[in-house]
Amino acid sequence: MHRIKSLFLLLTVLSLLVGGVALAQDDGLKLTGWPYEVDVVTENLGRFTDQTGHDAVFLPFPSNEYRDKMVASFVAGTEFDVAYVRDSYLAEWAAAGWILPISGLEGADELLADLPQGIIDQMSYEGEVYGLPYYSGTQVLAYNQAHLDGAGVMSPPETWDEMAEQAQAIKDAGVVEHPILMELRSGENYLLRSLEIITAAHGGRFFDENYNPEFHLPDSPFRQGLEWIKTNLEAGLIDPASLTNAEVDTLMMAGTNSFMATTDYTLKAMNDPEQSNEAGNIKNALIPGANDQRSGTIGYVRLYSITNGAEDMDAAWQLVQFLGGKDATGVYYVPKRWALEFGLGFSPAPLYEDEEVRNSISGWIDPDLLNEQGNYAISRAYRFVPFFSDWEIGSWGPLQAIILGEADPDDVLNELAEEWIELKEDWGY
Amino acid sequence: MQQRARLRLAVIYIGAAAVLLGTVGPFLWLVSSSFQYERQLLNIPPQWLPNPIVLDSYREIFEGAVLGEESGVPYQSRIFLRSFANSFFVAGSVAAIAVLVGAYAAYPLARLTFRGRSVLLFGILASRMIPALSLAIPIVLVAKRIGMSDKIVTLVFINLSFILPYVIWLLQSYFKTIPIELEDAGRIDGCSRLQVVHKIILPLSLPGLTSAGILAFLLTWGEFLFALLLSETPASYTSTVVVSLFATDVDVSFVSIITAGVVSVIPPIGFALIFQRFIISGLLSGSLKG
Amino acid sequence: MQSKIAETRKELPQGMLAIFFSAPAVLIIAATILVPFGMAVFLSLHNWNLKRPGRERFIGLENYTDWLTDSDFWEPLRTTFTFAIGAVILILAISLLIALLLNEKFPGRGVVRAMLLVPWAIPSVVNALLWKWLLDPNYGLINAVFLELRLIDSYQAWLGNMPGVMIWLVIAYSWIHIPLATLLLLSGLQTIPGDIYESAIVDGASVWQRFAFITLPLLRPMLSIVIIFEMIFALKVFDIIFVLTAGGPADATNVLGWTIYTETFRKLDFGAGSSIAMLLGAITLALAILFYVFLDKGVEQ
């Protein structure tokens, strides 16, 4: 008994000692986000402090739970002045008043003038722009050149049907079992993103510019895409891992699959010999088309926004301009650094012509094809209404049921359309 | 008889091997993965043993802890081992306080007759019926309002209140198994209730108290939700938060996450190793023979 | 179970003693939980969507009646029960076996006991990775092992369809929870005095008889605690769903814990999220009381 008592005592005393270390307080600007290359961000902030005299610190949170962490932080009254935002929840955060518009702030127009309209749309809510881009890009088709060679396929597919034929050839040649990967899992940035891509590539979209549903209409591009997925999943051409895996891109690196519509920057990892067994074999092509449409895709933006917790608005705006736009010397310092050293996609027009940037990314992706793919990105105003994720969450199960052949498409799609219309009316859109 | 004994041992060892295979097997595979190159994780079929043995991610974690920023290793690796201090503080305090406070609360529930006993028993457990997820935001809100967010003391309180109900239930059930005659003997000798608890109940409950302590320590060590939601700066990160920080959104290094996970398992296992021999103490059976 | 001797000393009444003994614990719990719990109840009675600031209003029990008339409550409830029943049975069966094994004396027992705790100590983010890797349809360990053992003839997508996804979720969840249950059962087994077995052996009782007539009845208090604990844990399951399936495929693993999460953190509808959490809490409490009356009261008689 004595030994345990003393052990307990020792433990308590020890932990009290360690816990008693005073916590440092910081009065400068606080930036939060997900923990990608924390030291580079901190270095950049050092440059910001040198140029402006404002102290700034980066306090990141785990990527997978970042959104939830920030919801709690905003509700309680956030400490952070500037935060990373993904376009998929921009509308909700803006509707809740957690992030502030930058439209009309001094110098905003000039920076926005350098950005393509598509990117500005993806950072907007009800006509106001809510930040400047951190990184951005489009979904591209990644394919494994070695697999195509192995099946005697000469060039990557230009249509979805051609992709299915090539996949069949690859499967028949015994190269891989299920050549096509798609992100069909439940969750933000999986199933719906894939369906948006295939719908865009069939010349359609989910909703029109007045937010009326189009996806459920008879023979809509959405239905064609859904049908294509269902057929090829049944045929074993689409990997069943598509329905379950969160990190599908690792399968491209494992070499078990030949085609995947993916975010542009993942090609860097796929072609990195440290991480990938297929380094050098993964190439990018235009997302295939259908219905006389050459291609179609969607873009994405990660942005820096000023939060409603910002005490010094001027300083916070200065920080956003520094991170997403130009530094005090008038150059796109931070965006260029991300592009040059880390291969993150960029939006400001001047960087497209930058020789240095072009050369650095061409090691793992074809910059011209990437550029061309960008032209096929559809505008998705419907994603930037506050009720989109309410609808999206309820759509995963029913849409997967269609894909798995467990539910009748007509019933499900009409019901989903009704749910959307109900939400739309409720919100007065 | 000797043959019987041998058969018994054989059955036991086959069983023990199955248990080890089932519990430690997957973990050993994690350990093996932590010594591999990133791309080797994707080999088909999986690579059982690391070849060559790659120590990079371990080196980063230990160099980062010792040298800090001079080590030149990523941020996550630098703050990882330091976060163990917070985890130790929180889990250690919770285990100690929960067992102490919980034992006193459990005694009347096990031994006394009073009105409202069932109400108290279920009132305590009812506090754990609502999923933590829906209490999370109110708790964060309150903590912020009273200036208690970003403090690890807050984590001690929250974990304590979440774990106490289990500890109390566990201990009251354990106390009931102690023969009432022993307690009566003490009371005849003139012990007060408090003395009965101190001199008879607690010493005889060592296995139960230890189980409760291990339960509290491990549950707290692994707690993630509140550790994440209540922290704002690295000063209050616990190890589970930092392990999750290795997931970076772009360019995730799975080997780093796995290594961090393997390292963070060591303290709770060590804790359990030190304390769990008291679970099998033989005290109780010994005392009954008299 | 009450003491048969008369009060030999002047002492506080037992009710006062109970308050005195349990006050610290009750205060700690109340101080932390009471206000947030009150807030959650308050929210559950309101139309409270964070995306619509300024439009919060009291609506009485409307959130509750909405859920109770909605298949979005009943379907996940059924899934939750399916999961919980499977998990509790699996955990109970395996941890009882392991606890009986570890209750025997043999060289190396300490090591096995310590290693048993490993699954419990692995942080959730790593657990997620571990199970994703084990179950991966293309490079997963389970596929490789099963193929080697000729249990399957080609790699499977374990989480891709029913009932496979539910079975594997139950297994993954149980793997993490078995250590706790085993630990509790083992400490319960330790309270059974060895001499009872010795006299039973003298009386010629078989292993099975000893288990059925000595071990099981005497283990019953701890067994009931384990069942109640594991049931509470399993009904609230969320973590493993979050990392492995996100409720899919086709809502096959959409449990109430997941619905509470999406309503609260994704739809930011705190009214709906709190009310469904209250419903789950009420169901869990009712079951816990039922189990307790059924299992534990029987012991006292």
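Why is B:Gln40 partly exposed? B:Gln40 has 18 other C-beta atoms within 10 Å, and therefore falls between the limits of 20 or more for a buried residue and 12 or fewer for an exposed one. The structure discussed here is a predicted model.

B:Gln40 lies in the loop that runs between α1 (2–34) and α2 (56–67) of chain B. Its C-alpha atom is 58 Å from that of B:Pro179, a residue 139 positions away along the chain.

**Confidence in chain B**

The average pLDDT of chain B is 87, and 96% of its residues score at least 70. In residues 282–290 of chain B, however, the pLDDT is below 50; this stretch has 11 contacts in the model beyond near neighbours in sequence. Where pLDDT is low, the predicted coordinates should not be read in detail.

**Domains of chain A**

Chain A is assigned two domains: domain 1 comprises 29–137 + 300–374, and domain 2 comprises 139–298 + 381–427. Their centres, taken over C-alpha atoms, are separated by 28 Å.

Contacts between the domains involve 21 residues of domain 1 and 21 residues of domain 2. On the domain 1 side, the elements that give two or more residues are α4 (87–95), β5 (124–125) and α17 (367–375) of chain A. Of these, α4(A) gives the most, with 6 residues. This side of domain 1 consists of 11 nonpolar, 6 polar and 4 charged residues.

**Organisation of chain C**

Chain C contains 13 helices and 2 strands. Its C-alpha trace spans about 75 × 70 × 30 Å along the principal axes.

Of the 301 residues in chain C, 50% are buried. Among its contacts between residues at least 6 apart in sequence, 69% join residues at least 24 apart.

Terms used
Residues numbered from 1 in each chain as written. Chains lettered and ligands numbered in written order. Predicted model: local features only at pLDDT ≥ 70, side-chain atom pairs only at ≥ 80, totals over all residues. pLDDT = per-residue confidence, 0-100. Contact = placed C-beta atoms within 7 Å. Helix = DSSP H or I, 4+ residues; strand = E, 2+ residues; numbered from the N terminus. Domains from an automatic or database assignment. Nonpolar A, V, L, I, M, F, W, Y, C, P; charged D, E, K, R; others polar.
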